[in-house]
Amino acid sequence: VDDGLYTEPTKKRRRSDRDQRFRAFPSVEQSALKEYEKLESRTRRVLSNTYQKLIHSVFLDDSIPNGVKYLINRLLALIEKPSLDPIYIGLFGSTGAGKSSLINAIIQQAMFLPVSGESICTSCIVQVSSGSCEQYEAKIHLLSDQEWKEELKNLTKLLHRTEELDREEADAWDRDDAMEEAIWKLQMLYGNGAERKNYEELLRAKPKGKIPTSRIITLKAEEAGELSVKLDPYIRTHRRDLDGESPETQIWPLIKYVEVTLPKSEMIPEGVVLVDIPGTGDFNSKRDEMWKKTIDKCSVIWVISDIERVSGGRAHEDLLNESIKACQRGFCRDIALVVTKTDKLHLPEYLRYLVGLAAIQSQREAILERNGVIKLQKNRILKEKLKTKLPMDSKVLEASDLVYTVSAQEYWQQALLTEEETEIPKLRGYIRKSLLDKKRRMVTEYVTEAFGLLLLTDSFNCMENLPNEHLCMSGLRRFVEEKIQLLEKAIDQCFAHMERPLQEGVRNAKASYRRILGACLVRSRGNQGFHQTLKAVCLKNGIYASRTLTRIDLNEAITQPIYDQIDPVFGGIFRAGKPTGSALLPHVEAFKHSLQEKMMEIGVRSGWKYDSYKKSFLIQEISAILGGLEGYILRKKRRIYESLTTSVQNDLKPCYEEAAQIAGKKACERMKDVIRRGVDQQVAEGMFERAQERMQHQFQQLKNGMTEKVKGSIATMLTLASSQGDGLYKELADVKSEYKEMEKLHRGLREVAENAVLRRGMQDFLLKMSPSKGVPPKA
């Protein structure tokens, strides 16, 4: 068989698959993405060829020189580096806020995810993305057996009465929110009467629904509607008619999260994950941990609130506060308020408040006018709130759009608003731009780093032997040591800015903790309906999250005065921007530039050629080393930020455990007394001061980790750049052709950027010249 008969169709199919990935982008952006994709693909091929040559050249050696080992490992790491980490966009809102409807509109599938009408949707996380699969697919991830046993034990503790209660206490017990939810979960999974069984009995009971041993349920369908029908019972749950529930619905309490993958989409590009995040977390420890980690890995958070609740409701304020914390401790760089259901407007009522303004002639005009007012008001309020918590030069404060007013219903009907006026296309445009910008940065860094490695590889067989080589490298080492000492001092100065806010925060916390704790332990109905909720708080070490109540976190509440003081300073330490006394990353960037400039200077004095491999390698490798350091810093900052609440939670754990054991008459008041006394005792023994010390210790650990990484990596790099007499190298395979190709790809980065600018200019010109779209008729 002639292999050529099969080669060409394969190439065409692969090219077609690649093109399909960009269907969500207009032609101009598609062209830029294809060029970046081509650069990345060719770079990986060059790296792979180089790697193969090196492996073959040292295959039979008894010992491989250290320099060659380093190079092989670096090549392999770069070859295996993911093409692009997903961009997580979190839709953060309460049940009924319109998250599912918004996702359906963005992905152009009207009823794909079930929306919460009279039914109540699950509190699990739902992720939606597009991929290379041919079918629509959903994976329902269930709690492991051990994770469910842990929750089951806590649920039965909530429901277990050790003593008879009087009638008033029994009524209050039965009306408790935590009690109702615990009963609901057990009945859903094990049937009516399950709430009266103890833990051991339920362990022996057989669940009503079928639970796969893999703890993953996979659903597939050819069409979106077909998968939606299959998925519906897993996401939508009901409080009534438990006996009539489907087997799928019966395992709802075990669902950890749902992962939905669409075939290649014209609306949501591959590499973007839309995450429906419930607003409160979950009673199950693993689900709650995942809830917080999911928030923290989102680079964008949209706080979702419907038009009827955005002005008077408290829910979106709590969600916004949680989103700001994600900016402090996670990867979030952008926050926006998305106001949904903006087509809802009662015209006669609205017109009563427009005295003195221009007459509104129609429902459509009123909606647009009201949306404009909401945008101005909420944008100002949101920006002021962000200014109190984030540094003044934070990127999110420079955003032109902090508030979107959307209508999923009008997006489909367009009876009152145009497609553009629903702002769904605007959100899609934001998603596309985020992915395009990230792809551009990733490919630029990838090609640049690969070019540095090829410079070094090609140089192995053509070493520069300069008479003053040893003096040159010795001087560079001394300079690096001096600069590292200066970097350590700069890091200390950054962290020193936290000292005074921490001290002030501790003083404020000590002065206000009783008032804050008292407010957390009081409910509008007194103790009615709060018995078991408080017990649930204690069982979970001060934290309780449910589908019906606002999240309760006693540890976070009593440390909030400290966070109020440190938030702007903490954000300032981890921000990017111009070098200042408090910003950490700009000092790292300044350190990088100082090393690169010194290498240029030493190279000139030492006689290195203008295109010297050594000079180029050192400059490129410094960028790679310190670029990786930025990721290390960002990963560590979450532990630092949460160290205050973690410290307080650990100190209060004994009193939570003691309170959780209380049952019988007056249990609620007795639990409160134990918590109050426990907190008083810990504060007197220095609880807040210990939290401060632990945060400062975490800062010190970050500093030590940074300097150790810098010292080790740069020492290795300088050793590699030393002369051939060090015995680190041997004659390797010729990679000149790979180096030449890599050199062309590196030059191609500038060409791609110039082409993108030219195409955008042409696109903008054509858009200005084209006629505007019509609008719906006035209503």
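Q: What makes helix 4 (residues 99-106) largely enclosed by the rest of the structure?
A: Seven of its eight residues are buried, so the rest of the structure largely encloses helix 4. Those buried residues are Lys99, Ser100, Leu102, Ile103, Asn104, Ala105 and Ile106. Buried means under 20% relative accessible area, exposed over 50%, and partly exposed in between (1.4 Å probe, protein chains only). A helix here is a DSSP run of H or I with at least four residues, a strand a run of E with at least two, numbered from the N terminus.

One note on the source: this is a predicted model, where local features need pLDDT of at least 70, side-chain atom pairs count only at pLDDT 80 or more, and totals for chains, interfaces and linings use all residues. Residues are numbered from 1 along each chain as its sequence is written, and side-chain values use heavy atoms, with hydrogens and water left out.

Q: Why is arginine 551 called buried?
A: Its relative accessibility is 18%, and the cut-off is under 20%, so arginine 551 counts as buried. You will find arginine 551 in the loop between strand 12 (543-544) and strand 13 (552-553).

Q: What makes the pairing of the arginine 551 and aspartate 288 side chains a polar contact?
A: The distance is 2.8 Å, and the definition asks for N or O atoms within 3.5 Å, one able to donate a hydrogen and the other to accept it within protein; residues adjacent in sequence count only if both atoms are side-chain atoms. A polar atom of the arginine 551 side chain also lies 2.9 Å from the backbone oxygen of threonine 280.
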